[in-house]
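Hi everyone, thanks for coming.

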Amino acid sequence: AAKAVSLAAEIGQDAALSGFQRAALQGSIAELRKDWPAAEAHYRDALAYGAPTTATIRLAVVLYRQNRKIEALGLLAGIQANAALSDEIRRDAFATEIQFLQMSGQDPQSVSAGLEDIYRRALLTWPQAHRLRYQYAMRLFSQGRVREALDELQTVLQSAPADVDALNAYGYTLAKEMDRPRSAFKFIEQAFLIAPKRAEVLDSYGYVLHRLGRNSQALPPLQKAWDTTPSAVTAGHLAQVFWQLGDKRQAQSYLNKGLELDADEVELIKLKELLP
């Protein structure tokens with residue numbers, strides 16, 4: 001706390017800083033100290049220098065911390081609806097509203113309904129918000145609403161056909177949940193061509209090759225995925241591939257490695273029952 005006070009004083013005397021920078025930095029320090037009234041004052045000073053910025057979002061957070069929730073949500077709504085602002089700040093405004101809801105202490109059912117409302121409202125006012133649409137699709141997946149999630153990913157890909165996350169999630173779901181590995185391959189292959197070093201893409205690419213019966217080709221990308229980011233899911237895919245290739249020792253080894261990472265992984269539990 002003493003260092004924070006000292007730093008705030010130093011910032012106040014730094015002639016190299018603009019008025020906006022000085023106020024925004026002092027607001028951040030006050031926020032870290034949980035001095036909400038001081039943080040509010042500094043952020044309002046920062047906003048007096050021009051158009052809404054991330055300082056607006058920090059001000060909303062500070063107001064929320066003071067239980068001035070209507071004011072806080074009003075600030076966020078203004079940013080969300082302003083198409084002249086950057087994608088980043090509008091996305092942050094929706095993300096902050098989601099955080100407010102999660103902090104609200106409401107029962108899980110109310111929080112779930114509230115999240116649904118925020119995502120739908122966000123996508124209605126901002127249809128090109130691909131990251132938010134992707135996050136909404138992941139939420140639908142977690143609720144078992146696979147068809148709806150695929151529809152949202154399709155919408156992303158219609159306007160952003162090179163979106164790696166959407167390509168990967170769409171292709172993997174077609175192969176795994178919809179049992180359509182042939183249809184999935186073109187999406188996963190495109191994701192692989194764009195981002196050949198990302199572990200989740202390597203895992204999906206290897207998995208789809210395995211589902212197509214191309215186990216020898218599936219092994220290298222799966223091993224690269226494992227070497228990059230070991231996960232229980234990738235371990236399960238490697239175990240399946242090694243089993244199909246007749247290497248039962250390696251299959252058992254990766255099964256054990258996967259269970260060490262996540263003993264509750266459903267695919268690994270199923271695989272454990274199959275391997276002697």
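Let me start with a term: we call a crossing right-handed if the near helix is turned clockwise from the far one by less than a right angle, and left-handed if anticlockwise. Do keep in mind that this is a predicted model.

With that in hand, take helix H4, residues 54-65, and H6: their axes come within 10 Å and cross at roughly 15 degrees. Angles under 35 degrees count as roughly parallel, so H4 is roughly parallel to H6. The crossing of this pair is right-handed. On the H4 side, the contact includes Ile-57, Ala-60, Val-61 and Tyr-64, and on the H6 side Ile-89, Ala-93 and Phe-100 are among the residues taking part. Sorted by class, that contact has 8 nonpolar, 2 polar and 2 charged residues.

Now, how do H5 and H6 cross, left-handed or right-handed? Helix H5 is residues 69-80 and helix H6 is residues 87-103, and their axes come within 8 Å, crossing at roughly 150 degrees. That makes H5 roughly antiparallel to H6. The crossing of H5 and H6 is left-handed. Among the contacting residues are Leu-73, Leu-76 and Ile-79 of H5, with Phe-94, Glu-97 and Phe-100 of H6.

Finally, the cores. The largest nonpolar core has 58 residues, and Leu-132, Leu-153, Tyr-170, Leu-238 and Leu-255 have the most contacts inside it. Helix H10, residues 164-176, gives the most to this core, with 8 residues. Apart from that one lies another core, of 22 residues, including Ala-24, Ala-39, Leu-59 and Ala-93. Thanks, everyone!

Note on methods:
Residues numbered from 1 in each chain as written. Predicted model: local features only at pLDDT ≥ 70, side-chain atom pairs only at ≥ 80, totals over all residues. Heavy atoms only, no water. Core = buried A, V, L, I, M, F, W, Y, C linked by side-chain atoms within 4.5 Å. Buried < 20%, exposed > 50% of the residue type's maximum accessible area, 1.4 Å probe, protein only. Helix = DSSP H or I, 4+ residues; strand = E, 2+ residues; numbered from the N terminus. Axes fitted to C-alpha atoms, helices over the stretch in contact; angles between N-to-C directions. Parallel < 35°, antiparallel > 145°, perpendicular 65-115°, else oblique. Contact = heavy atoms within 4.5 Å. Nonpolar A, V, L, I, M, F, W, Y, C, P; charged D, E, K, R; others polar.
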